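Dear colleague,

Please find below the structure that I am handing over to you. My findings follow directly after it.

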Amino acid sequence: MARFFDALSDDHRAFIARQPLFFVATAAAGGRVNLSPKGMDCFRVLGPDRIAYLDVAGSGNETHAHLVADGRITLMFCAFDNPALILRLYGRAVPVLPQDEGWAALRAHFTLLPGTRQIFDMTVESVQTSCGWGAPHMRFERERETLAKYHATHDSALRFAKYAVRTHSIDGLPVRNPTQEPG
C-alpha cells in the first residue's frame, strides 16, 4: 500500500543513503518524458523538504530543459535487497550552474566530479513509499568509471566547445550551459 508524507523523515533519509542508484523523471508540455538513471556520489538531502544532486555532462541535457520549461520532477529510489521498498520524491526543481548566484552555497555540499555541469536544487512537495515487491534482487558491484575517465581526459576547452553546440533538448527546448568552471 502506498503511503504519502509531507516531508522526508529520518527513515527516508537512511533508506536514500543506502541506495547506489536513483532515477530522475521530467517532462515538458508536448514533449517526451525523460527518465535517467543516476549513480556516483551525487545526491544530498539538504532538509526535510529539500534535496540537491550534482549533474555530470552526458549525452544530453533533457532534465535541465524540462525544468526550465515546466519545473516538475520525480525521483525514485528502489531497494534491490531486503526489505523491498520504493521511495519517490515529487516536487519542483531548478538547475543551478557554476555562474549562478546560488552555486557556491550548493557546491559546498559536494565533492565535484569530473565533468560537473550543474546542480539540481529540488523542493520536495511530497514523499511516497510503496512495497517494491516487483523489483528484483540485485547486488551493487561497483560504480562505472567510464564517464569520470572520459571527462578526466578532456580539457575544459573541449567541454565548453561541446556546450556551445548543445543548446537545445531533443524536443527543441532551450538549455543554458555553464560559462565558467565549476570549481
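Which pattern does the chain follow when read along the sequence? It is β-α-β-β-β-β-α-β-β-α-β-α-α, with 5 helices and 8 strands in the chain. Helices (H or I, at least four residues) and strands (E, at least two) are DSSP runs, numbered from the N terminus.

Please note that this is a predicted model, in which local features need pLDDT of at least 70, side-chain atom pairs count only at pLDDT 80 or more, and totals for chains, interfaces and linings use all residues. Residues are numbered from 1 along each chain as its sequence is written, and side-chain values use heavy atoms, with hydrogens and water left out.

Overall dimensions. The C-alpha trace of the chain spans about 50 × 35 × 30 Å along its principal axes.

Of the 183 residues, 40% are buried, that is, under 20% relative accessible area with a 1.4 Å probe, protein chains only. The accessible surface comes to about 10200 Å², and carbon and sulfur atoms hold 55% of it; the areas come from the Shrake-Rupley method with a 1.4 Å probe. Among contacts (heavy atoms within 4.5 Å) with a separation of 6 or more, 71% are between residues 24 or more positions apart.

Strand pairing. Two strands pair if DSSP finds at least two bridges between them. Strand E2 (residues 22–26) runs antiparallel to E6 and is joined to it by 4 bridges. E6 (residues 72–78) is in turn joined by 7 bridges to E7 (residues 86–96), again antiparallel. E7 also pairs with E8 (residues 116–130) in the antiparallel sense, over 11 bridges.

Thr 74 stands opposite Tyr 90 in E7. Ile 86 has Ser 130 of E8 opposite. In a regular strand, side chains alternate between the two faces of the sheet.

With kind regards

Conventions
Buried < 20%, exposed > 50% of the residue type's maximum accessible area, 1.4 Å probe, protein only.
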